[in-house]
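Let's take a walk through this structure together. Have a look at the sequence and the 3D view, and then we'll go piece by piece.

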Amino acid sequence: MEGPLNKVADGTARGLGLWYTLSHVAHCPQCRRFLESLKAMIGKLHRAREVEPSEESVQRMLNAYRMSAPPGG
Ligand SMILES: [Zn+2]
């Protein structure tokens, strides 16, 4: 169940897969705990990114943007 749980935790699960996983989690304490800990971990990662946008990652994004811009533009 780990793959589907990952998708539910990070919000990429859709449709039947999402429904099936949620209905399983509703009666499986083990998977429910796992899903909760995944969500907590992902939430922490997102918060860390918002609080601390490192200068290096911003610079890398700008470089990638310049590289993808059409030449001569
Ligand atoms: Zn389970």
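**Starting from one residue**

E36 counts as exposed because it has 12 C-beta neighbours inside 10 Å. The rule goes like this: a residue is buried if 20 or more other C-beta atoms lie within 10 Å of its own, exposed if 12 or fewer, and partly exposed in between, with C-beta atoms placed from the backbone. Keep in mind that you're looking at a predicted model, where local features need pLDDT of at least 70, side-chain atom pairs count only at pLDDT 80 or more, and totals for chains, interfaces and linings use all residues. Residue numbers start from 1 along each chain as its sequence is written.

So where does E36 sit? You'll find E36 in helix α3, which covers residues 29-51. Although E36 and L5 are 31 residues apart along the chain, their C-alpha atoms are separated by 9.6 Å.

Now zoom out. The protein chain has 4 helices and 0 strands, and its pattern along the sequence reads α-α-α-α. Here helices (H or I, at least four residues) and strands (E, at least two) are DSSP runs, numbered from the N terminus. Of the 73 residues in the protein chain, 8% count as buried.

Let's follow L5 back to its helix. In α1, the buried residues are L5, V8 and A9. These cover an arc of only 100 degrees around the axis (taken from the directions from the helix axis to the C-beta atoms), which puts them on the same side of α1.

How do α1 and α2 pack? Helix α1 (residues 2-10) and helix α2 (residues 15-26) meet at an angle of about 105 degrees, and their axes are 10 Å apart. That makes α1 roughly perpendicular to α2, a label for angles of 65 to 115 degrees, while under 35 is roughly parallel, over 145 roughly antiparallel and the rest oblique. Axes are lines fitted to C-alpha atoms, for helices over the stretch in contact, and angles run from 0 to 180 degrees between N-to-C directions.

Finally, the largest nonpolar core has 5 residues: L5, V8, A9, V25 and L35. Such a core is a set of buried Ala, Val, Leu, Ile, Met, Phe, Trp, Tyr and Cys residues joined through C-beta atoms within 7 Å. Its largest share, 3 residues, comes from α1.
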